[in-house]
Amino acid sequence: MIVQNKRIVLIPAYCPDEKLIALVRDLREMDLSVVVVNDGSRAEHEPVFAAIGGYADILTHEVNKGKGAALKTGLDYIRQTYDIPYVVVTADADGQHLPEDILLVCKKAEKCPGCLVLGKRTIGRDAPLRSRLGNGITRLVFRLSTGMAIYDTQTGLRAFSNSLVDYLLSVEGERYEYEMNVLLHLGQHNIRAEEVPIQTVYLDNNSSSHFNPVRDSFKIYKEILKFSASSLLSFIIDYGLFCAIMALTGMTVLSNVLARTASASVNFMLNRSFVFGSRAHIFRSAVRYFLLAVVVLLFNTCILKLLITAGLPYMLAKIITETVIFFFSWTAQRFFVFKEAKA
């Protein structure tokens with residue numbers, strides 16, 4: 001049966017308490033449909049799900065699969081059950097997302113079809129220490145890795161139209177790393193992120209969160225660092241060849257050109273398959289990469305020659321040069337070379 005309601009709240013729930021009951025009932029009073037995914041909760045939490053049975057569609061994982069898996073289960077159900085167009089809001093089950101803020105991001109998504117709307121919390125001094133540190137560090141690394149300025153990268157309050165459901169189902173990740181992966185790949189799919197300020201609620205110093213700081217942070221940063229691994233390996237190849245050829249020939253330009261050619265070939269293949277996972281046509285990407293490589297090579301060579309002429313040792317000059325052009329090269333590859341065409 002196809003459902004006509006255009007506003008749906010998706011809540012992944014693992015061992016929730018009575019706050020979920022109050023949230024679901026408030027949302028229904030606001031005429032929002034609710035889909036709750038019981039992600040393998042323990043038996044003692046069954047009364048909570050029984051209490052919301054008349055207010056929400058409840059999907060069940062027999063074992064705990066993780067937040068990402070629960071969100072995908074809910075999205076797949078919504079895609080099959082609800083008639084388009086519609087807006088989905090993902091919210092947490094622990095009471096940190098207020099009904100009025102859920103409605104706020106929902107309305108924003110209705111005005112910005114095709115955008116991912118994020119509920120932006122203010123991470124102030126009254127926030128738990130692990131929340132301040134975690135979000136601050138992640139925000140910085142995310143900005144350096146993607147070039148995107150998102151203040152609250154860890155928010156679970158997100159809204160989007162039905163046009164993004166297929167993309168969200170295709171993103172890798174089964175647990176907390178899934179939400180970060182969604183943000184990491186927005187640029188590749190020409191999806192804009194919009195942030196909407198919401199109230200910041202931390203209950204019992206955020207003790208209800210099932211986020212494991214060590215385990216789940218590792219999964220998040222593993223995905224981010226993958227973006228930098230290819231550049232590091234290419235730099236090692238480039239730097240090693242440059243120093244070796246320079247030692248043999250003493251010719252700065254020749255050494256730099258040969259080293260850059262070899263490292264660029266490796267970098268292209270790694271970035272296309274391992275880093276960006278691009279499905280763009282390989283020939284088109286190769287042409288764009290070649291054009292970028294020419295620009296970077298000229299830029300790189302000019303800076304390197306200038307620094308060596310100024311009296312810096314060639315090894316130090318090479319390191320400074322690569323550092324200067326890193327962010328330019330990264331941004332160009334992400335948003336030009338491996339950018340996929342709009343559907």
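**Patch and sheet**

Mentor: In this predicted model, helix α10 (residues 282-309) gives the largest share of the nonpolar patch, namely 7 residues.

Trainee: Which residues make the nonpolar surface patch?

Mentor: The patch, of about 780 Å², is made by M269, I282, F283, V287, F290, L291, V294 and L298, and of these M269 lies in helix α9 (residues 252-275).

Trainee: Why does M269 count as partly exposed?

Mentor: Its relative accessibility is 47%, and since buried means under 20% and exposed means over 50%, with partly exposed in between, M269 is therefore called partly exposed.

Trainee: What makes β3 and β7 the edge strands?

Mentor: The open sheet has 7 strands in the order β3-β2-β1-β4-β6-β5-β7, with mixed pairing, and the edge strands β3 (57-61) and β7 (193-197) each pair on one side only. From one strand to the next, the twist averages 20°.

Trainee: How do you know that strand β5 pairs with strand β6?

Mentor: Pairing needs at least two bridges between the strands, and 2 bridges join β5 (residues 116-120) to β6 (residues 158-161), so the two count as paired. They run antiparallel, and the bridge partner of L118 in β6 is R158.

Trainee: Which strands does helix α4 lie across?

Mentor: Helix α4 (residues 99-111) lies across β1 (7-13), β4 (87-90), β5, β6 and β7, and runs at about 145° to β4.

Technical notes:
Residues numbered from 1 in each chain as written. Predicted model: local features only at pLDDT ≥ 70, side-chain atom pairs only at ≥ 80, totals over all residues. Heavy atoms only, no water. Patch = residues over 30% accessible without salt bridge, like charges linked within 9 Å, V, L, I, M, F, W, Y side chains within 5 Å. Areas by Shrake-Rupley, 256 points an atom, 1.4 Å probe, with all protein chains shown as cover. Salt bridge = Lys/Arg side-chain N within 4 Å of Asp/Glu carboxyl O. Helix = DSSP H or I, 4+ residues; strand = E, 2+ residues; numbered from the N terminus. Buried < 20%, exposed > 50% of the residue type's maximum accessible area, 1.4 Å probe, protein only. Axes fitted to C-alpha atoms, helices over the stretch in contact; angles between N-to-C directions. Contact = heavy atoms within 4.5 Å.
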